[in-house]
Amino acid sequence: MKKRVFAWVSSAVVLGTVVSGCGGQGAQEAQSPNPQPAQPAQNSTPAPAEKPKTEQVLRWNLHSEPPSADPGIAEDTTSAAIVRATFDGLTRSGEDGKPHEAVAEKIEVSPDLKTYTFTLRDSKWSNGDPVTAHDFEYAWKRALDAKTASNYAYQLYYIKNGEKYNKGEAKAEDVGVKAIDDKTLKVELENPTPFFLELTAFQTYYPVNPKVVSANPNWAMDAKTHVGNGPFKMEKWDHKSKLIMLKNENYWDKDTVKLDKIEFSMVEDENTELSMFENGELDWAGHPLSSLPIDALPALKDSGKLNVHPVAATYWYKFNTEKPPFNNVKIRKAFTYAIDRQALIDNVLQANEQPAMGPVPPSMWLNPDGYFKDKDFDNAKKLLAEGMKELGLSKLPPITLSYNTSEGHKKIAEAIQDQWRKNLGVETKLENSEWKVYLEKMHEGNFQVGRLGWSADFNDPINFLELFKEKNGGNNDTRWENPKYKELLNQSGLESDPAKRSELLRQAEQIIMDDMPIMPIYYYTHTWVKNDKVKGVVTDALGAIDWKWASME
């Protein structure tokens with residue numbers, strides 16, 4: 001993830017059937033390895049009966065239908081979680097949050113830090129095919145191919161000629177990834193990239209099986225045709241209803257995987273999800289793939305059941321800078337300055353979030369003081385009047401605020417709608433859509449102001465800033481672009497001095513806040529409740545989740 005476009009507090013879903021899992025209750029017992037054991041000798045003490053093995057089943061709610069289970073296409077947190085469970089990269093983020101060798105058992109880096117040589121271990125796809133270096137080369141070039149239309153293609157621009165190939169300025173064979181043989185992958189980068197091994201743990205860098213992909217364009221959307229190389233394999237996918245994953249016996253590190261099965265329901269309503277948890281039908285409720293009812297948070301906090309975890313993620317509204325009135329920077333600033341973020345956190349969110357006065361979250365802050373004042377109402381009114389005059393408007397056209405279906409997003413939107421009415425005298429219409437449809441609308445520019453968020457893919461400010469580098473970038477729905485901003489980001493990629501690089505990125509962040517194509521609102525925290533039997537679920541500081549080490553004890 002997305003991270004990643006958020007699909008939680010954020011998430012939309014289509015109301016699906018509730019899956020009631022067994023999670024240790026009613027599980028089948030293991031069969032005895034010897035159905036007709038020899039009788040014990042007379043007067044000897046009988047051997048103790050073997051304790052039946054209980055199937056380890058984890059029951060979870062996705063809250064939204066995953067738009068894709070294809071590593072090259074996945075762009076939101078829900079899709080990313082399913083992809084992370086069913087695939088493995090050259091590296092994988094471990095329980096310590098750092099990248100470790102995964103499919104690659106050996107990694108060599110050249111002295112100039114621009115060439116990486118990965119030696120692959122013996123591993124298999126879930127259908128039994130061997131995983132080879134050719135599968136990685138194929139997957140990366142496929143994601144970069146403009147025909148694939150991957151919104152995360154830019155994440156591969158760190159590879160030599162990756163950007164040029166994506167933009168039709170170079171050929172596939174010019175891209176700096178090459179399978180030397182089945183077990184050796186050589187990667188050449190444009191510039192030294194200190195977080196590259198974090199990137200190789202990210203979904204867009206995962207391999208795909210060329211034979212499977214070429215045989216069926218929709219291979220990733222059906223459990224019968226889905227093939228991965230991760231800890232779990234897809235067993236069943238009833239769209240908008242349930243998804244079931246089983247332990248992948250072909251996984252190279254299968255002995256680490258304790259869960260036998262993960263059963264996902266897809267229920268949109270947060271109150272229903274919490275009720276399912278309280279009734280013992282779910283083992284986890286809330287973030288990072290769903291959300292808890294906002295009204296329930298105080299009682300859950302008082303009971304001691306609530307887990308609260310800050311993450312490197314920012315909740316923001318995007319402006320469509322090509323549509324009036326938000327093609328005017330003063331009007332964008334007016335709407336941004338006219339809200340009281342702390343009141344929103346205290347009265348609506350109630351989970352220790354922080355007001356966001358810039359796009360980059362606290363763990364990566366370039367400017368801890370922020371770039372504007374919260375609840376700057378007088379300045380907001382002044383800027384609105386000036387912006388309307390510049391556009392020749394005596395009255396604002398209808399304003400529509402869009403969000404993906406979620407009770408949490410609805411309450412946030414209603415609170416901001418009320419603040420804009422009180423502080424700017426502006427009336428706003430609210431519009432919601434289910435998650436997949438909502439993403440399509442945002443990417444197509446079919447919105448005025450729209451809710452999204454971003455969770456870090458890796459621990460560096462560039463991951464937030466590069467979203468807005470290109471007007472037609474995969475996740476830049478604002479249609480905003482600034483030449484000086486692009487130049488600063490490009491310079492930061494060439495700068496080896498950390499302090500100088502941070503200053504270049506700070507200057508870039510200043511520009512985006514001066515132009516205000518996005519309206520930062522708050523920095524996320526994750527909140528959830530869980531069954532005490534659930535152990536080892538990794539929820540990292542970037543907002544990602546991994547069930548590889550999970551168990552039901």
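Reply: Helix H2 covers residues 133-144, and its end C-alpha atoms sit 17 Å apart, in agreement with the 16 Å that 12 residues should span at 1.5 Å a residue. (The expected span is 1.5 Å times one less than the number of residues; helices, H or I with at least four residues, and strands, E with at least two, are DSSP runs numbered from the N terminus.) Bear in mind that this is a predicted model, where local features need pLDDT of at least 70 and side-chain atom pairs count only at pLDDT 80 or more, while totals for chains, interfaces and linings use all residues. Residues are numbered from 1 along each chain as its sequence is written, and side-chain values use heavy atoms, with hydrogens and water left out.

H2 is mostly covered, with 10 of its 12 residues buried; that means under 20% relative accessible area, with exposed over 50% and partly exposed in between (1.4 Å probe, protein chains only). Among the buried ones are Phe-136, Trp-140 and Leu-144, but also Asp-135, Glu-137, Lys-141 and Arg-142. The buried residues pack against strands E5 (115-120), E6 (177-181) and E7 (184-188), plus helices H3 (162-166) and H5 (210-215), where contact means heavy atoms within 4.5 Å.

Now set H14 (483-494) beside that. H14 has 12 residues and reaches 17 Å, close to the 16 Å expected. Its buried residues are Tyr-485, Leu-488, Leu-489 and Ser-492. The buried residues of H14 pack against H13 (462-465) and H15 (498-515). Asn-482 caps the N-terminal end here, with a side-chain oxygen 3.0 Å from the backbone nitrogen of Lys-484.

On to the rings. Rings of Phe, Tyr and Trp (its six-membered ring) pair if their centres lie within 6.5 Å; planes under 30 degrees apart are stacked, over 60 edge-to-face, and the rest tilted. That rule gives 30 aromatic pairs. One is Tyr-251 with Trp-252, tilted at 5.7 Å and 55°. Tyr-251 counts as buried because its relative accessibility is 2%, while Trp-252, at 26%, counts as partly exposed. Trp-480 and Tyr-485 have centres 5.1 Å apart and planes at 70°, so that pair is edge-to-face, and both residues are buried. Arg-121 lies over the face of Trp-252, 3.9 Å from the ring centre; the test is NZ of Lys or CZ of Arg within 6 Å of the centre and within 35 degrees of the ring normal.

Finally, some backbone details. His-287 and Pro-288 are joined by a cis peptide bond, omega about 10°, and so are Pro-324 and Pro-325, with omega about 0°. Lys-240 has a positive phi near 65° and sits in the loop between E8 (232-238) and E9 (242-247).

Conventions
Polar contact = N/O pair within 3.5 Å; in protein donor to acceptor, adjacent residues only side chain to side chain.
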